[in-house]
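Good morning, and thank you for making time for this item. I shall go through the structure on the screen, one part after another.

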Amino acid sequence: MDFLRPTTWEEALAAKAALPEAVPIQGGTDVMVEINFDVRRPVALLDLSAVAGLSGWEVAADGRLRVGAAVPYARIITELGDRLPGLAQASRTVGSPQIRNRASVGGNLGAASPAGDSHPPLLASEAVIEVESAARGVRMIPAAEFYLGVKRSALEPDELIRAFWASPASGPQYFSKVGTRNAMVIAVCSFAIALHPERRTAGTGVGSAAPTPRRATEAEEFLAAELDWSGASALDPALARRFGELAAGAASPIDDVRGTAEYRRHAVAVMARRTLGWAWDDYRERAAA
Amino acid sequence: MRVRMTVNGRPETVDGAWEGESLLYVLRERVGLPGSKNACEQGECGSCTVYLDGVPVCACLVAAGQAEGRDVRTVEGLAGDEGLHPLQEAFVEAGAVQCGFCTPGLLVQAHDLIERVGEPSDAEIREALAGNLCRCTGYEKILDAVRLAAARRKDEAR
């Protein structure tokens, strides 16, 4: 096994181009588990932890946030919790403090597990993934087009994930996750919602209830059309229930050791209804203020 | 491969490390510091918790080469010349140690908590230790120990 240790982004891209089978490693919280258990024996590890710039974030000229792929969840929570509240909530449910000190959104994207905690909020907030190769340069991939299958993404073998882009929240964002305890839990299923008051639309993300994380598009369209965006009225329970049904309809879950398909569909409906309730309460408070 | 790092304040050079091995393996088998424990090897149990550049991490999930040039502090580095760290004394006094296998990881993780948050609430202690499994104590004595250490630290600061 080779251990490649680029110190610049250009070196990293060159190394990935020269050896596309090299497995990128940053926090190691997925990759090292596979190596420790001999599930995977890559020809090379491409250690990105010495690459300058990957673990920083900035506000771009257009006001969006550009967050380096290696920013650990612990820092997403403390440094970006106010601007990316949905992602920060999801980040708090990742593993344990030790894991959150190392694991990053870039790693979650690279692994592309349907159960990854960052995916639903990235989908709900319409994040865009910045990937790059030495040969073809930068590609900007909307989160909704990034996930292609179970642990398969739109990332090409010679590409690396550099950052994700997301607008600071303009409205309430919530995340909910079902698991057996609060810590160290892989999602049985999860759900994220983001209200975009300026456009009077809503974003959603369903996790661990289909081969890929995905948006519940019909549920989003339903909210855009049916919510009383003036904020004058409390949430109609029938509307919230219908939203839950539509969200569950977007799922295509399987039976596995963590839960049955039927349970997942039910839980997605409940989480969708609840997160909408929380978001709507916030929305009305802000509208009244 | 060769890995150079600082461990508990001492420069260490390790030769012949396999590229896929973990920092935990390097510490235990090559540097001769068996305090950090090897249990789950997947970041679930916290028994291998060490400081990497001042941040608590699971050493089993850090590739050896990723420690190059970095500063590692293990449970062996908590005690000073005058003996045990007050947190370690509190663990002994409170009965927070039974079989002892989880203790090194808990000590490093609790040490970080007390250093960052002078007077942690019970919720903060539970949250901080959520990634450290103990199968003996039922955790109550561990919580007692952390509370005791935090209270003494506060008294000393006065």
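Let me begin with a definition: the expected span of a helix is 1.5 Å times one less than its number of residues. Please also keep in mind that what you see is a predicted model.

With that definition, consider helix 10 of chain A, which covers residues 237–250. This helix has 14 residues, and from its first C-alpha to its last it reaches 20 Å, close to the 20 Å expected at 1.5 Å a residue. Which residues of helix 10 of chain A are buried? They are F243(A), G244(A), L246(A), A247(A), A248(A) and A250(A). As a general point, an α-helix has 3.6 residues a turn, so residues three or four places apart point the same way.

Let me now step back to chain A as a whole. Chain A contains 11 helices and 13 strands. Its radius of gyration is 19 Å, and the globule rule gives 19 Å for 289 residues, so chain A is as compact as a globular protein of that length. Along the principal axes, the C-alpha atoms of chain A fill a box of roughly 60 × 45 × 35 Å. Buried residues account for 52% of the 289 residues of chain A. Of the contacts in chain A between residues at least 6 apart in sequence, 65% join residues at least 24 apart.

I turn next to a sheet in chain A. In what order do its five strands run? The order is 4-5-10-6-7, the sheet is open, and the pairing is antiparallel. At the edges are strand 4 (57–59) and strand 7 (137–142) of chain A, each of which pairs on one side only. From one strand to the next, the twist averages 25 degrees.

Strand 5 (residues 65–68) and strand 10 (residues 160–166) of chain A are antiparallel and share four bridges. Here G68(A) stands opposite A163(A), a residue of strand 10 of chain A. Strand 10 of chain A also pairs with strand 6 of chain A, again in the antiparallel sense, over five bridges. In that pairing, I129(A) has F164(A) in strand 10 of chain A as its bridge partner. Strand 6 and strand 7 of chain A are antiparallel as well, with six bridges between them. V128(A) faces P142(A) in strand 7 of chain A. A hairpin of three residues joins strand 6 to strand 7 of chain A.

Two residues of chain A deserve a remark on their backbone. D38(A) is not a glycine, yet it has a positive phi of about 55 degrees. Where is D38(A) placed? D38(A) lies in the loop between helix 2 (31–36) and strand 3 (44–47) of chain A. Is D38(A) buried or exposed? D38(A) counts as exposed, because it has 8 C-beta neighbours inside 10 Å, and the cut-off for exposed is 12 or fewer. In space, D38(A) is 31 Å from A143(A), C-alpha to C-alpha, and the two are 105 residues apart in sequence.

E126(A) sits in the loop between helix 7 (119–124) and strand 6 (128–133) of chain A. With 18 other C-beta atoms within 10 Å, E126(A) is partly exposed.

We come now to chain B. Chain B has five helices and five strands, and along the sequence they follow the pattern β-β-α-β-β-β-α-α-α-α. The radius of gyration of chain B is 16 Å, close to the 15 Å that the globule rule gives for 158 residues, so chain B is as compact as a globular protein of that length. The C-alpha atoms of chain B fill a box of roughly 45 × 35 × 25 Å along the principal axes. Of the 158 residues in chain B, 46% are buried. Among contacts in chain B with a separation of 6 or more, 60% are between residues 24 or more positions apart.

Conventions
Residues are numbered from 1 along each chain as its sequence is written. Chains are lettered from A and ligands numbered from 1 in the order in which they are written. This is a predicted model: local features need pLDDT of at least 70, side-chain atom pairs count only at pLDDT 80 or more; totals for chains, interfaces and linings use all residues. Helices (H or I, at least four residues) and strands (E, at least two) are DSSP runs, numbered from the N terminus. A residue is buried if 20 or more other C-beta atoms lie within 10 Å of its own, exposed if 12 or fewer, and partly exposed in between; C-beta atoms are placed from the backbone. Two strands pair if DSSP finds at least two bridges between them. Axes are lines fitted to C-alpha atoms, for helices over the stretch in contact, and angles run from 0 to 180 degrees between N-to-C directions. The radius of gyration is taken over C-alpha atoms; the globule rule is 2.2 Å times the number of residues to the power 0.38. Two residues are in contact if their C-beta atoms, placed from the backbone, lie within 7 Å.
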